[in-house]
Amino acid sequence: MLEISQLDIYYGDLQALWDISIAVEDGSIVTLVGSNGAGKSSIMKAISGQLKPKNGNIIFDNQNLNRLPPHRIVDLGICLVPEGRRLFPGMSILENLEVGASRKSARKNKNVTLSWIYEMFPLLKERASQLAGTLSGGEQQMLAIGRALMSNPKLLLIDEMSLGLSPIVVQELSRIIQEINKSRKITVLLVEQDVQLALSLSDKGYIIENGRIVGYGNSSELLCSPQVKSVYLGMEMDRTSQ
Amino acid sequence: MLVMILVPLLANLGTGIMNQLVTLFIYILLAQSWNIIGGYTGQINLGIAAFFGCSVMITHFMWVAGIPIIVSVLVASLSTIILAIIIGIPTLRLKGMYFAVGTLALAQAIQVIMQNIFNRSIQTRGDYVQAYNINWRYYLGLAIVVIVLVAVYFIRKSKLGIALVAIREDEQAAQVTGVNTFKYKVISLLISAFIAGLAGGVYAYFRLYFYYTSDIFGLTWTFSAIMAVVIGGAGTLLGPVFGSIFLVILGYIFSLTLGQANLIVFGFLFILVMLFMPQGLMGGVNLFRQWISTWSRKSHNETGENI
Amino acid sequence: MADAFQVLLIGVVVGALYGLVALGFGLIMRIMKFINIAQGSFIILGGFICYWLVTIWHFDPYLSIPIVMLAMFIVGLILYRLLFSPLLKYPQAEMRLDKSLLITFGVVWILDNLEILIWTPNSRSVIPSYGYGTINIFGASLSYTGIIGLGLAILAAAVLHIILTRTYFGKHVRAATEDAVAAGLSGVNVQRTYLISCGIAVALSGLAGTVIVTSYSVTPGGGMSWLLTAMVVVTLAGSDNMNFMIPAGIILGVIQSASTLFISPAYQQPIALIIFLIIILFRPQGLFSKRVRVH
């Protein structure tokens, strides 16, 4: 469904990603893991249209995304839950969700989608008129995911879902992601710092270090591999050496 | 430099050209004034006409009262600083827009007040008119321009100059590194006001009649200053000079050919420069210099390296 | 007592107009972080269009409003396309504010001088057939044009509010205002939203222009003073909420009007300046804003 080939990403004159190639199949959950600053979010930014690649291609359902602006990419069926959530703090929960349905095809089914979201996240329904800026971290993440889902995406991109959230909330969100993947056949591409979480949630995984892919494979295999263990440990080492 | 001093002494360039040259000096001063606060410090001053006009008035009245011109000019410029303090202290503490609004409001307010107090034309003493010698205006203008340019050169290199550019580039970052941005912005405005005051003083010496007060307090002066700086290159030493030369020459050509429409053409020119050549003429000069240096380096090395 | 009331009435009418001008200016500033100094010149342009519609084609000035607003809407679209969208490449608000300030300054220059060239520097005004009538309230008189102007200003603010809160477009605008990147990621076409908002803002200036040409007069170059007042009103209101523009305008109008009891009316501009300085010295976030801005 999504095919990224030989992507190079620059921030100005500084290269951040080298020769990235990723394949995401229909209906799967794929994860990108790696330490801080490895470049995972940059890949998400490229897919969602915030960054234009210098070289390489991003192809989604036979469409080349390279030059498209973000809203056109949403039109095609890809929606990003951004790192840090980036909600609209002065607008209510309901309004945030409504903006999520800006895509023309999503507007028609807005109410149907809305009731589905409310079913999944009853909290959002309860507090529908509350301002998004007053929500807690977990509630915000739920709203962010809900907002993205309002666009009826075929591919959901999630950037650092677990940051700052308690394990219980993370667990709940993971369950929900798996559920929408199974029941609605929504493909998920997930960037996660929590390697354990990411690999247990996904079917396939890519490991990114210093802007390059250093490994990939089935998530279950990766979980057991010594390389992953060292990256996992590598993350801890990086933290202490900083 | 010597040329500038000697030529008018030896040759009679004609009143037309001398007038243009003195006008040029005034524009250069006004442009440098705006350059200090707008170009180097990045704070957009829309009311420079107020500083200019007040200085013209004060210089005029002092001079007409018999005080020698140089003293009048200096005193007027110093009093312009007072105006700068009044408007600067409240507005410079806040985001740039407040400063822009404040200066604009000041310029309008002063124009209104002046128009009500002096609603007739302002004339000079007859004997001054008789004694008018364009050469004195020329030399005064030239001297002040040279002094100001030298001063700006030193300011640029000084701690003050570096602080101002830092404020322009990223005020928050400058604050965080301990620079008292408010203090420097105020200093910058005071210097700017002083230079504008000098420009006003020269103008008062130069033009003996003012028909309407809006002549000297009008937005035209502000626009001309900004335009000279933008076209020439903001935040550079020579940019305002080149911009003013450009303005004066073009203005002369246009006033012959286009009449009223020349102002409109300047407006278009201004917008075009802002959109497509934001560094102005100096930017072009710098690009040219860079191009030359990379070209000459390439012809020395086998492997031309890019910086 | 009747004197004071008359002053109050004048202040309210003028103030509502200030608020209307501030609405257009504030819209562009808040949504796109651009400063449109040319808003004043657009008002004058709108007034002139109305004037010519009335003079040449004998429209009723208030019926000409839709045409004027449509024309100015198009002007706004052009303004955005040509001058504002190139500035979007500067993501920081500061740079955008500064550059748009300068560029629209150039627009003022062009527009004002073009108007002087084409239409002469004379003031124009338009008197509708019922224009000289006044009604009497508690001993003070209020002209018909004044009432209509007041009504139009309040109507415009109300319509704007409805658009912003009830329509899709309005929600896109608010989302783009809060976080333009996130809005784009949610599927909002931010550029198009900006484009239309700019059109609306300039159309509002056209509306203000027709009110001004009927109640007062328009003169080429006279826009600056309206713009200035608009900026003071925006500062007074705090740029948080469009709903406070008209009230803030009325407050300014009343204060200015009240000051004429003590000093000559010619000095009203300086009064606005003084109010401006006082506000930014003591309450820079505006009268109505809840958040305290950290500087």
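The legends below accompany close-up views of a predicted model.

**Figure 1. Confidence scores of the predicted model.** The model as a whole carries an ipTM of 0.86 and a pTM of 0.87. For chain C, the mean pLDDT is 86, with 94% of the residues of that chain reaching 70 or more.

**Figure 2. The open sheet of chain A, built from six strands.** In this view of chain A, the strands follow one another in the order β6-β7-β8-β3-β9-β10, and their pairing is mixed. The edges of the sheet are taken by β6 (78-81) and β10 (212-218) of chain A, and because each of these has a single partner strand, one side of each is left without a neighbour in the sheet. From one strand to the next, the twist averages 15 degrees.

**Figure 3. Parallel pairing of β7 and β8 in chain A.** Strand β7 of chain A, which covers residues 155-159, pairs with strand β8 of chain A, residues 187-192, in the parallel sense, and five bridges connect the two. Within this pair, A:Leu156 is placed opposite A:Val188, which belongs to β8(A).

**Figure 4. Antiparallel pairing of β9 and β10 in chain A, with the turn of their hairpin.** Strand β9 of chain A (residues 204-209) runs antiparallel to β10(A), to which six bridges join it. One residue pair to look for is A:Ile208 with A:Ile213, the latter being its bridge partner in β10(A). The hairpin formed by β9(A) and β10(A) has two residues between the strands, and A:Asn210 takes a positive phi near 50 degrees there.

**Figure 5. Strands β1, β4 and β5 of chain A.** Strand β1 (residues 2-11) and strand β4 (residues 55-60) of chain A are paired in the antiparallel sense over five bridges, and A:Leu2 has A:Phe60 as its bridge partner in β4(A). The antiparallel sense also holds for the pairing of β4(A) with strand β5 of chain A (residues 63-64), which extends over two bridges; here A:Asn64 in β5(A) is the bridge partner of A:Ile59. Between the strands of the hairpin of β4(A) and β5(A) there are two residues, and in this hairpin A:Asp61 adopts a positive phi near 50 degrees.

Figure 6. Helix α7(A) lies across β6 and β7 of chain A, and its direction makes an angle of about 170 degrees with β6(A). A:Gly146 is part of this helix, which spans residues 137-149 of chain A. A:Gly146 counts as buried because 23 C-beta neighbours lie inside 10 Å, the cut-off for this class being 20 or more. When neighbours within four places in sequence are left aside, the residues in contact with A:Gly146 are A:Leu97, A:Ile117, A:Phe121 and A:Leu124. As a reference for distance, A:Val33 is 113 residues from A:Gly146 in sequence, while the C-alpha to C-alpha separation of the two in space is 23 Å.

**Figure 7. The contact between chains B and C, with the side of chain B that touches chain C.** Chain B brings 35 residues to this contact, and chain C brings 35 residues. On the side of chain B that touches chain C, at least two residues are supplied by each of the helices α4 (69-91), α5 (96-117), α12 (219-232) and α14 (262-276) of chain B. The largest share of that side comes from α5(B), with 14 residues. Sorted by class, the side of chain B that touches chain C consists of 26 nonpolar, eight polar and one charged residues.

Technical notes: Residues are numbered from 1 along each chain as its sequence is written. Chains are lettered from A and ligands numbered from 1 in the order in which they are written. This is a predicted model: local features need pLDDT of at least 70, side-chain atom pairs count only at pLDDT 80 or more; totals for chains, interfaces and linings use all residues. Helices (H or I, at least four residues) and strands (E, at least two) are DSSP runs, numbered from the N terminus. A residue is buried if 20 or more other C-beta atoms lie within 10 Å of its own, exposed if 12 or fewer, and partly exposed in between; C-beta atoms are placed from the backbone. Two residues are in contact if their C-beta atoms, placed from the backbone, lie within 7 Å. Two strands pair if DSSP finds at least two bridges between them. Axes are lines fitted to C-alpha atoms, for helices over the stretch in contact, and angles run from 0 to 180 degrees between N-to-C directions. Ala, Val, Leu, Ile, Met, Phe, Trp, Tyr, Cys and Pro count as nonpolar, Asp, Glu, Lys and Arg as charged, and the others, Gly among them, as polar. pLDDT is the predictor's confidence in each residue, from 0 to 100.
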